[in-house]
Amino acid sequence: MSRQSNVPNSNSINKICQFKVVLLGESAVGKSSLVIRFVKREFHEFQESTIGAAFLTQSMQIDDTTVKFEIWDTAGQERYHSLAPMYYRGAQAALIVFDITSKDSFLKAQNWVRELAKQANTNIVIALVGNKVDLASKRAVEFNEAKLYAEQNGLIFMETSAKTAVNVVEIFTAIATRLPRNDKQASVADTIRADKETQKEKGGCCK
């Protein structure tokens, strides 16, 4: 089993992998809340809607590798849909989020799966995320229904709660574990120096 923590181990030489991750889904399913919970360990009851996209970073330790996520949280409103390819193009992973209390958001999530299958990186790792499990008493999408859909389409699947932090770190850990990591190792200092020299390059490789 992979060992993970959210704080890179600075006392040992390890490799650093950088990956671009995009969040997709309808407005109000909790994409921004998930990212803020993962990155800042916070939850805001009233989260403003994202305009265009928001960018955050977070790192976690998987065995001997520091996995650095460059996270693009996209707006869910229909008027921003045409901008989505700007963010998922070149992404190594995607979280497609739906609200378990909204059947429509689950159907829209399936549209995102089909769109990524046609237009995204062929090796993209996709996670289907049923958010707001803290509202399970109002559930409109059954766990087994979403799980079966994910299995049929080769997706990672978890139900999460940005409010209570259930499975938030775990879903990113599952993604990090599935993303490819090579064996080339470098010190953290070397990696930082390399990053400065290649700021315009896309992520997805280990330094």
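Modeller: Ring pairs join Phe38, Phe69 and Phe172 into a cluster; rings of Phe, Tyr and Trp (its six-membered ring) pair if their centres lie within 6.5 Å, and planes under 30 degrees apart count as stacked, over 60 as edge-to-face and the rest as tilted. This is a predicted model, in which local features need pLDDT of at least 70 and side-chain atom pairs count only at pLDDT 80 or more, while totals for chains, interfaces and linings use all residues. Residues are numbered from 1 along each chain as its sequence is written, and side-chain values use heavy atoms, with hydrogens and water left out.

The whole structure holds eight aromatic pairs. One of them is stacked, because the rings of Phe38 and Phe172 have planes at 0° and centres 3.8 Å apart. This pair links distant parts of the chain, with Phe38 in helix H1 and Phe172 in helix H5 (residues 168-178), 134 residues apart. Helices (H or I, at least four residues) and strands (E, at least two) are DSSP runs, numbered from the N terminus. Both Phe38 and Phe172 are buried, where buried means under 20% relative accessible area, exposed over 50%, and partly exposed in between (1.4 Å probe, protein chains only).

Phe69 lies in S4, opposite Phe19. Strands S2 and S4 (residues 65-74) pair in the parallel sense over nine bridges; two strands pair if DSSP finds at least two bridges between them. S2 also runs parallel to strand S5 (residues 93-99), joined by five bridges, and there Gly25 has Val97 as its bridge partner. S2 (residues 15-25) is largely enclosed by the rest of the structure, because 11 of its 11 residues are buried. In a regular strand the side chains alternate between the two faces of the sheet. Phe19 and Gly25 are among the residues that point one way from S2, Val22 and Leu24 among those that point the other way, and all are buried.

The side chain of Lys31 reaches the backbone oxygen of Gly25 at 3.1 Å. Lys31 is buried yet has no salt bridge, and the nearest side chain of opposite charge, Asp73, is 5.1 Å away. A salt bridge is a side-chain nitrogen of Lys or Arg within 4 Å of a carboxyl oxygen of Asp or Glu.

Conventions: Lys and Arg count as positive and Asp and Glu as negative; His and the chain ends are not counted. A polar contact is a pair of N or O atoms within 3.5 Å; within protein, one must be able to donate a hydrogen and the other to accept it, and residues adjacent in sequence count only if both atoms are side-chain atoms.
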